[in-house]
Amino acid sequence: MPAQPEIRILDTPAALFQAAASEFAALAVQAVQRSGRFTVALSGGSTPKSLYSLLASGSVPDIPWKQTYFFFGDERHVPPDDPESNYRMVRESGLLSKVPDGNVLRVLAENKDADRAALGYEQTLRQFFSVKAGEFPRFDLVLLGLGPDGHTASLFPGTAALGENTRLVVANWVEKFATYRITFTLPVLNSAACDTFLVCGAEKASMVHEVLENAKANLPSQKVHPADGQLLWLIDRAAASALKKP
């Protein structure tokens, strides 16, 4: 059975980031005890950046950094030093410096051919997780955000990637930005041990309501439901203000 969402409402953004960091640490310890490593797919955006900075500060103890591996659930089709790059944002937060260089597996989005960049990253995942055709990697943790249009990762409403069920990573054309975004597909998100949404701010309140309480909305974020894993929503009080069942 697909996971039912666990919804935790935190009073402030700071409380949300602390809760997310504690969850990260607990999952890391469990994963390393179970398999010897902790695999994490990172998200772009301003909300996760605050989490990354908190983790990088060293204030959360007992994280097994040497056994932690970072991937990227989506990436802009830009070089790694571009201001729009998710990789650059995470690097500037200080988080990537916590792990050995070889534990950071980024999208080579500087490739002018977005499809080749996506295929290359798919091959990286297949090799790392030793998955064959028809199989999907199982991340210990996938961090996700919620866009104002209900998108998550770079799975935007009405885009082709939403219908992909065999590929791990695709170059998804996003018409409103007139660009490709390189993104994990839904089967990868839904194979995770834990998908965690981080949502802050009153401007997200109406979309949080739509995703969590309007089953007919047919939004990309509603299509994330791990088949054999945890689905966790960490939401601050402002973002949860439109929920009928807070």
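**Entry 1**

I started with arginine 88, which is partly exposed because its relative accessible area is 24%. My scale here: buried means under 20% relative accessible area, exposed over 50%, and partly exposed in between, with a 1.4 Å probe and protein chains only. I am working on a predicted model, where local features need pLDDT of at least 70, side-chain atom pairs count only at pLDDT 80 or more, and totals for chains, interfaces and linings use all residues. Residues are numbered from 1 along each chain as its sequence is written, and side-chain values use heavy atoms, with hydrogens and water left out.

Which residue meets the side chain of arginine 88 in a salt bridge? I found glutamate 92, at 2.8 Å from N to O. The term salt bridge stands for a side-chain nitrogen of Lys or Arg within 4 Å of a carboxyl oxygen of Asp or Glu. Both residues sit in helix 3, 4 residues apart, about one turn of the helix. For helices I use DSSP runs (H or I, at least four residues), and likewise for strands (E, at least two), numbered from the N terminus. Glutamate 92 is also partly exposed, at 47% relative accessibility. I then noted a network in which salt bridges with shared partners join Glu6, Arg8 and Glu23.

**Entry 1: salt bridges across the chain**

Side chains of opposite charge can pair when their charged atoms come close. I counted 11 salt bridges by the rule above.

One of them joins arginine 237 to aspartate 11, with the closest N and O atoms 2.8 Å apart. Arginine 237 lies in the segment after strand 9 (230-236) and aspartate 11 in the loop between strand 1 (6-10) and helix 1, so this pair ties together parts that are 226 residues apart in sequence. I logged arginine 237 as partly exposed at 43% relative accessibility, and aspartate 11 as exposed at 54%.

Next I looked at arginine 34 and aspartate 140, whose closest N and O atoms are 3.0 Å apart in a salt bridge. Arginine 34 belongs to helix 1 and aspartate 140 to the loop between helix 4 (114-129) and strand 5, so the pair links distant parts of the chain, 106 residues apart.

How many strands form the open sheet, and in what order? I read 6 strands in the order 1-9-8-5-2-3, with parallel pairing. Pairing here needs DSSP to find at least two bridges between two strands. Strand 1 and strand 3 (68-72) are the edge strands, each pairing on one side only. Neighbouring strands are turned by 20 degrees against each other on average, direction ignored.

I then followed strand 5 on both sides. Strand 2 and strand 5 run parallel and are joined by 2 bridges; valine 40 has leucine 141 as its bridge partner, and alanine 41 has valine 142. Strand 5 and strand 8, also parallel, are joined by 3 bridges, and leucine 144 stands opposite phenylalanine 197 in strand 8. In a regular strand the side chains alternate between the two faces of the sheet. In strand 5, Leu141 and Leu143 point one way and Val142 and Leu144 the other way, and all are buried.

**Entry 2: helices around the sheet**

Helix 1 lies across strand 1, strand 2, strand 3, strand 5, strand 8 and strand 9, at about 160 degrees to strand 9. Helix 4 packs on the sheet, touching strand 2 and strand 3, and its direction makes about 155 degrees with that of strand 3. Contact means heavy atoms within 4.5 Å. The axes are lines fitted to C-alpha atoms, for helices over the stretch in contact, and angles run from 0 to 180 degrees between N-to-C directions.

In helix 2 (residues 46-56), I listed Thr47, Pro48, Leu51, Tyr52, Leu54, Leu55 and Ala56 as buried. What covers them includes helix 1 (13-35), strand 2 (38-42), helix 3 (86-93), strand 5 (141-144) and strand 8 (194-199).

**Entry 3: positive phi**

Most residues other than glycine have a negative phi. Glycine 58, which follows helix 2, has a positive phi near 85 degrees. Aspartate 62 is not a glycine, yet its phi is positive, near 70 degrees. Aspartate 62 sits in the loop between helix 2 and strand 3 and is exposed at 66% relative accessibility. Asparagine 218 has a positive phi as well, near 55 degrees. I placed asparagine 218 in the loop between helix 6 (205-213) and strand 9, exposed at 56%.
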